[in-house]
Amino acid sequence: MPASGHGICRHLDFEAGLYDVIFFESLSWGWESLPVTATAPVLKDEEVYVALRKAGRDQSFFDNIAGRALVAISGYNYGFAGLTTDDGGTSRAPAASCTE
């Protein structure tokens, strides 16, 4: 049975035993009151943005993403959305649309 993966549902799915391990999380994102064990951080500050390669486009394309059309996966956190995991925070980010 697949876990729902978005927002608070990932905590409920965990409590229901629908999965054993979740990746790219922080204990401060709602896990404090749950009986969990966590590793030390494996990656730090590794947010990666991906864009279509075009002639003349280089790394500077990502220097300012304000005004860019963005897609965000529901339940994940993004620097451009203040690292919130709630769907409302991500969808309020400039020019962001959410998908599951």
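Predicted model: local features only at pLDDT ≥ 70, side-chain atom pairs only at ≥ 80, totals over all residues.

Visitor: Okay, what is the mean pLDDT of the chain?
Guide: The mean pLDDT of the chain is 73, and 69% of its residues reach 70 or more.

Visitor: And where is confidence lowest, and where is it highest?
Guide: Confidence is lowest in strand E2, residues 96–99, where the mean is 46, whereas helix H1 has the highest confidence, with a mean of 84.

Visitor: Which residues stay under 50 in pLDDT?
Guide: Residues 1–6 do, and the model has 14 contacts beyond four places in sequence for them; residues 89–100 also stay under 50, and for that stretch the model has 32 such contacts.

Visitor: Switching to His11, where is its place?
Guide: His11 sits in helix H1, which covers residues 9–15.

Visitor: Is His11 buried or exposed, and why?
Guide: His11 counts as buried because its relative accessibility is 6%, and the cut-off for buried is under 20%.

Visitor: What does His11 touch, then?
Guide: Leaving aside residues up to four places away in sequence, His11 touches Tyr19, Trp29, Gly30, Trp31 and Leu34.

Visitor: Now the surface: which residues form a nonpolar patch?
Guide: The patch is formed by Val21, Phe23, Phe24, Val42 and Leu43, which together have about 630 Å² of accessible area.

Terms used: Residues numbered from 1 in each chain as written. Heavy atoms only, no water. Helix = DSSP H or I, 4+ residues; strand = E, 2+ residues; numbered from the N terminus. Buried < 20%, exposed > 50% of the residue type's maximum accessible area, 1.4 Å probe, protein only. Contact = heavy atoms within 4.5 Å. pLDDT = per-residue confidence, 0-100. Patch = residues over 30% accessible without salt bridge, like charges linked within 9 Å, V, L, I, M, F, W, Y side chains within 5 Å. Areas by Shrake-Rupley, 256 points an atom, 1.4 Å probe, with all protein chains shown as cover. Salt bridge = Lys/Arg side-chain N within 4 Å of Asp/Glu carboxyl O.
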